[in-house]
Amino acid sequence: MAKKKKIREDLILRDFLAIDRTRLANQRTLLSFFRSGLYLFVTAVAVDRVPMLEDLKWLTAVMWGVGVSIMLIGLINYLLMRRKILNAYRISEDKASELKE
């Protein structure tokens with residue numbers, strides 16, 4: 001059974017809508033980090049496939065490493081911000097979904 005957190009009673013609808021906007025912004029930021037990481041992956045593959053750029057194999061490795069790092073930083077940022085959002089308002093997912101209905 002999931003442990004439910006105490007819900008603050010002094011929050012009004014405007015506050016819950018602000019929480020939803022903040023959550024959406026957090027998700028959008030995560031997707032931006034992943035998009036940037038994928039761009040680096042695609043560029044690394046392109047550099048690896050072009051025969052004239054065989055001397056730049058080190059660049060491929062750097063791009064792969066930076067791409068993975070960007071994705072991990074984005075994921076860590078998302079998880080930390082999600083925890084801060086939930087802790088700041090002490091709101092359970094059930095209460096937020098009740099307000100949407």
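Thr60 is found in helix 2, in a model that is predicted. The chain that holds this residue has 101 residues, and its secondary structure consists of 3 helices and 0 strands.

**Thr60**

- Thr60 has a relative accessibility of 8%; because this value is under 20%, the residue counts as buried.
- Apart from neighbours within four places in sequence, Thr60 is in contact with Ala44, Val47 and Asp48.

**Helix 2**

- Helix 2 covers residues 57–89 and has 33 residues.
- From its first C-alpha to its last, helix 2 reaches 49 Å, which is close to the 48 Å expected at 1.5 Å a residue.
- The buried residues in helix 2 are Thr60, Met63, Gly67, Met71, Gly74, Tyr78, Ile85 and Leu86.
- Ile76 also lies in helix 2, and it contributes to a nonpolar surface patch.
- That patch is made by Val68, Leu72, Ile76 and Leu80, and its area is about 340 Å².

**The salt bridge**

- The structure holds 1 salt bridge.
- Side chains of opposite charge can pair when their charged atoms come close.
- Asp48 has a relative accessible area of 32%; this value lies between 20% and 50%, so Asp48 is partly exposed.

**The chain as a whole**

- Read from the N terminus on, the elements of the chain run α-α-α.
- Residues that count as buried make up 21% of the 101 residues of the chain.
- The chain exposes about 7,800 Å², and carbon and sulfur atoms supply 63% of that area.
- Among contacts between residues at least 6 apart in sequence, 78% join residues at least 24 apart.

Terms used: Residues are numbered from 1 along each chain as its sequence is written. This is a predicted model: local features need pLDDT of at least 70, side-chain atom pairs count only at pLDDT 80 or more; totals for chains, interfaces and linings use all residues. Side-chain values use heavy atoms; hydrogens and water are left out. Helices (H or I, at least four residues) and strands (E, at least two) are DSSP runs, numbered from the N terminus. Buried means under 20% relative accessible area, exposed over 50%, partly exposed in between (1.4 Å probe, protein chains only). Contact means heavy atoms within 4.5 Å. Accessible areas come from the Shrake-Rupley method with a 1.4 Å probe; for residues, only the protein chains shown count as cover. Patches are made of residues with over 30% relative accessible area and no salt bridge: like charges are joined within 9 Å, nonpolar side chains (Val, Leu, Ile, Met, Phe, Trp, Tyr) within 5 Å. A salt bridge is a side-chain nitrogen of Lys or Arg within 4 Å of a carboxyl oxygen of Asp or Glu. The expected span of a helix is 1.5 Å times one less than its number of residues.
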